[in-house]
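These are my notebook entries on one protein model, written down in the order in which I looked things up.

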Amino acid sequence: HTADGRLLKDLETYQEIFESYPMQKALGNTIYHYCWPATFFLPFVAEQIALVLFPHHAGCLFIRSSKELEGKKAEKALTLPIMEQAR
């Protein structure tokens, strides 16, 4: 049913059909299933892994294998670079 009580089969123009609530609900669900999780979730998780966890882990392995990096040098090697936050 539309907001004014008409059935979908009684609608005559494409604009009336696309503006009806059932059609908008169906299109919204389709877009949601298309976008979740590939657009709304995975990029944010992958960004943290690629920009924070992986460099930290690689730095730990590098420090562990190098006898020259100790103390302040090791701490400096593990600091993350300043990130651009201008999104």
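I call a residue buried when its relative accessible area is under 20%, exposed when it is over 50%, and partly exposed in between, using a 1.4 Å probe and protein chains only. The model is a predicted one, so I keep to local features with pLDDT of at least 70 and to side-chain atom pairs at pLDDT 80 or more, while totals for chains, interfaces and linings use all residues. I number residues from 1 along each chain as its sequence is written, and side-chain values use heavy atoms, with hydrogens and water left out.

Entry on the cysteines. I looked up Cys35, which is buried with a relative accessible area of 12%, and then Cys60, which is partly exposed at 26%. A search of the whole structure for disulfides (a pair of cysteine sulfur atoms within 2.5 Å) finds 0.

Entry on the overall form. I find 4 helices and 0 strands in the protein, where helices (H or I, at least four residues) and strands (E, at least two) are DSSP runs numbered from the N terminus; along the sequence the pattern reads α-α-α-α. The radius of gyration, taken over C-alpha atoms, is compared with a globule rule of 2.2 Å times the number of residues to the power 0.38: a compact globule of 87 residues would be near 12 Å, but the protein has 26 Å. The C-alpha trace spans about 80 × 25 × 15 Å along its principal axes, and buried residues make up 10% of the 87 residues.

Entry on Ser20. I place Ser20 in the loop between helix 1 (14–18) and helix 2, and at 3% relative accessibility it counts as buried. Leaving aside neighbours within four places in sequence, Ser20 is in contact (heavy atoms within 4.5 Å) with Thr2, Leu8 and Leu11.

Entry on the surface. I noted a nonpolar patch formed by Tyr32, Trp36, Phe40, Phe41, Leu42, Val45, Ile49 and Leu53, with about 770 Å² of accessible area together. Such patches are made of residues with over 30% relative accessible area and no salt bridge, with nonpolar side chains (Val, Leu, Ile, Met, Phe, Trp, Tyr) joined within 5 Å and like charges within 9 Å; a salt bridge is a side-chain nitrogen of Lys or Arg within 4 Å of a carboxyl oxygen of Asp or Glu. Accessible areas come from the Shrake-Rupley method with a 1.4 Å probe, and for residues only the protein chains shown count as cover. Helix 3 (residues 42–65) gives the most to this patch, with 4 residues, whereas Tyr32 lies in helix 2 (residues 21–35) and counts as partly exposed at 43% relative accessibility.
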